[in-house]
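Me: I have a structure open and would like to talk it through. Can we go over it piece by piece?

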2 protein chains.
Amino acid sequence: MKPGIWSLLLLLAVRPGAAEPSPGVPAPSNVPGAQYPRLDSEGRGTFRIEAPLAQSVAVQLPQGRYDMTKDAAGVWSVTTPPIEPGFHYYTISLDGVAVNDPGSRTFYGTGKDASGIDVPEPGVDFYTIQDVPHGDLRSKRYFSDVTKTWRRLFVYAPPGYDADTDERYPVLYLQHGGGEDETGWADQGRTDVILDNLIAAGRARSMLVVIANGNLPREPGVTGIYSRAGMTGFTRELLENIVPFIEANYRTHSDAKHRALAGLSMGGGQSFFVGLANTEKFSAVGAFSTGLFGGIRPPGGGEPTAFDAEAAVPGLLTEPRRFNDALDLFYLSVGEQDPRLEATRNVVADFRARGLEVEFASFPGGHEWQVWRKSLHDFVPRLFR
Amino acid sequence: MKPGIWSLLLLLAVRPGAAEPSPGVPAPSNVPGAQYPRLDSEGRGTFRIEAPLAQSVAVQLPQGRYDMTKDAAGVWSVTTPPIEPGFHYYTISLDGVAVNDPGSRTFYGTGKDASGIDVPEPGVDFYTIQDVPHGDLRSKRYFSDVTKTWRRLFVYAPPGYDADTDERYPVLYLQHGGGEDETGWADQGRTDVILDNLIAAGRARSMLVVIANGNLPREPGVTGIYSRAGMTGFTRELLENIVPFIEANYRTHSDAKHRALAGLSMGGGQSFFVGLANTEKFSAVGAFSTGLFGGIRPPGGGEPTAFDAEAAVPGLLTEPRRFNDALDLFYLSVGEQDPRLEATRNVVADFRARGLEVEFASFPGGHEWQVWRKSLHDFVPRLFR
């Protein structure tokens, strides 16, 4: 290639308009080197994509849709109002087609590998990598009797797991939401960083965290997962495949006292049903932002129905003491801007009125990962005490 | 939501044309549930995207560009000629904008999270998950003195690593190509599956494989990596950060006899330079599809220059016996349709004529992952014998 061609390419690369980036810095969720999207100190996002032939381009965030405008070079951009702190899936709408932003990393959510933007929250560093001992996250394959396929799960092993080979650990089983998979808690959720920081601060016990794929077949004719029939695949996978596999391959304490089950949204529903129905196997149950209690249409279709706790978990309302005795922790949480908030608060009040012990926390935010990171961070220190 | 609205949504979902899928099956690299892209038994790919407002849509594969045609419902599709077996990055060109295919998983390559299609190769199952003992792939954070940031690497631990805690293992350090990162060998490369299968068949020794991020800063003013100056960041990272970290945290045999270094493309150049210049630290060096020897423009810019092996690694041509004595294995490979083929063959012939021992293998395919999977599968059984 002749030097003259190089100059031309260089000239094209620094065409007018591209030379001066907008205020702010590249989002931490960008692919390496990508200058856009950018975030300023107030959380305003500037999004940008080159599409000279497009007729209309917009960025679709959970909080709203922002039309982009085109410059003379065919580059579309927009600066949004401040974006809520935390992690958000988003798309670029390119003449009506929802596409990924090439500047963003992708994250499996909304049923595809989607763009995501992680907006730092001032003063919050519990999910930031710190100079503390780090565990690791182990990707492991196991054979499922339910799906008859090899599946993947992640195991967080705390610092020291490989060094202290006589030590055994309690286990938290942690489930993702609908449209997500085992990568959710590993990636968007920053589980390993949250646990590393809590353990280093002496705020949580050293534990294993098992992050499995909760997408499992339903019984024929069952459309939603929010029923006992909808849970049978997950129940079998967890109790007959995952727990025995973990206890055979990792140094665990293998009793109910040392097993916890929690999840977000769909995984919160799974944890509620399976954890409460199996208190001889789990002593702690957490459900973050589950839609089980109402306020939204159930995932998988069907009409929202009034939540009947006693039908869901026989004895829950009529024999609360049985659950109080069996469980060391029953924990619910929800985002303060989540449409599930009121229903969750009502259920908590009802449970408490009937004598069922339940911890409850809410955090600023909608049906989103910042609430779930904070829920995990709040939940884990209460475990295995 | 009223039942009437449900019927309407159902009707929209099964609009004419969408009901009967094209021949073949969903590609194994699709997101769960995505019916497109599909592959038939000959490897023909059918790609499909809904974009009613677009003027022109095409799929861009390494082997060529295929224009899609629009049906009355605004759905674009095309069936391509047979696609070469193996893994290929690709894009959908939507009115000239290169976007991801929402049906495909994404893979970090070409400098972004890109769509990829994995076309099975008839009769080839060395990278298919089999019913054999499985190791795991551990994601681990370490602090880099070079970048002054926390970085991630993966460690493949072979079956039995956690059970036989007296056993120590040799280590292969394995580097990705340009525009990729540590996820390349973990994901596209299927390293854990290839190792599991080789070890189970008794064809490879149990070993650790360390897969690190080879993207590191260059000295000021150095534009390409294919020089000793371009390698300084990686050299420091590997020798001063990664190797000591691995040997402090995993049960390794910590001598040159039990260390190997290999990589693909850019990582092949890194392995060639750093491995051959440090034979007191590595006894095996592999370079798959490196552009170092000519045939292509160097990544990072600059003119292609004639390869001067003696300048790159002093003594390589003038004191071949020194390298023959120090190395148990020096291995080069390349794809038979890769433009690097001829230059690599010439270098091998030149090395051999001067008495330098080098193993050489070529595989059908271009500058692509199928060649690198086969290279790894061919290279690993020769290690640590």
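Reply: What follows covers the contact of the chains, their symmetry, the sheets, the domains and a helix pair.

Reply: This is a predicted model, in which local features need pLDDT of at least 70, side-chain atom pairs count only at pLDDT 80 or more, and totals for chains, interfaces and linings use all residues. Residues are numbered from 1 along each chain as its sequence is written, while chains are lettered from A and ligands numbered from 1 in the order in which they are written.

Me: Fine. How many residues of chain B are in contact with chain A?

Reply: On chain B there are 34 residues in contact with 33 residues of chain A. Two residues are in contact if their C-beta atoms, placed from the backbone, lie within 7 Å.

Me: Which elements of chain B give two or more residues to that side?

Reply: They are strand 9 (97-99), strand 11 (112-119) and strand 12 (136-143) of chain B. Strand 12 of chain B gives the most, with six residues. Strands (E, at least two residues) and helices (H or I, at least four) are DSSP runs, numbered from the N terminus.

Me: And what is that side of chain B by class?

Reply: The side of chain B that touches chain A has 14 nonpolar, ten polar and ten charged residues. Ala, Val, Leu, Ile, Met, Phe, Trp, Tyr, Cys and Pro count as nonpolar, Asp, Glu, Lys and Arg as charged, and the others, Gly among them, as polar.

Me: What does strand 12 of chain A do with strand 12 of chain B, parallel or antiparallel?

Reply: Strand 12 (residues 136-144) of chain A pairs with strand 12 of chain B in the antiparallel sense, over four bridges. Asp136(A) has Lys140(B) as its bridge partner. Two strands pair if DSSP finds at least two bridges between them.

Me: What rotation superposes chain B on chain A?

Reply: A rotation of 180°, with 0.0 Å of shift along its axis, superposes chain B on chain A, at RMSD 0.0 Å. The two copies are therefore related as by a two-fold rotation axis. Copies are superposed by least squares on the C-alpha atoms of residues with pLDDT of at least 70 in both.

Me: Which C-alpha of chain B is nearest the axis?

Reply: That of Arg138(B), 2.1 Å from the axis. The same surface serves both copies, in that 97% of the contact residues of chain B recur in chain A.

Me: Back to strand 12 of chain A. How does it pair with strand 13 of chain A?

Reply: Strand 12 and strand 13 (residues 149-157) of chain A are antiparallel, over nine bridges. Leu137(A) stands opposite Tyr156(A) in strand 13 of chain A. The two strands form a hairpin with four residues between them, and Lys148(A) in the turn has a positive phi of about 60°.

Me: Where does strand 13 of chain A go from there, to which strand do three bridges join it?

Reply: To strand 15 (residues 208-212) of chain A, which runs antiparallel to strand 13. Within this pair, Val155(A) has Val210(A) as its bridge partner.

Me: New topic: the open sheet in chain B. What is the strand order?

Reply: The open sheet of five strands in chain B has the order 1-2-3-7-6, with antiparallel pairing. Strand 1 (25-26) and strand 6 (69-70) of chain B stand at the edges, each with a single partner strand, so one side of each is left without a neighbour in the sheet. Two bridges join strand 1 to strand 2 (residues 38-39) of chain B, and Val25(B) stands opposite Leu39(B).

Me: What about the sheet in chain A?

Reply: Five strands form an open sheet in chain A in the order 1-2-3-7-6, with antiparallel pairing. Strand 2 (residues 38-39) and strand 3 (residues 44-50) of chain A are joined by two bridges, with Gly45(A) as the bridge partner of Leu39(A).

Me: What are the domains of chain A?

Reply: The domain assignment gives domain 1 (21-119) and domain 2 (136-382) of chain A; such bounds come from an automatic or database domain assignment. Their C-alpha centres lie 32 Å apart. The contact takes twelve residues from domain 1 and twelve residues from domain 2 of chain A.

Me: Last one: at what angle do helix 3 and helix 9 of chain A cross?

Reply: Helix 3 (residues 191-200) and helix 9 (residues 369-379) of chain A cross at roughly 35°, and their axes come within 10 Å. Axes are lines fitted to C-alpha atoms, for helices over the stretch in contact, and angles run from 0 to 180 degrees between N-to-C directions. Thr191(A), Ile194(A) and Leu198(A) in helix 3 meet Arg373(A), Leu376(A) and His377(A) in helix 9 of chain A.
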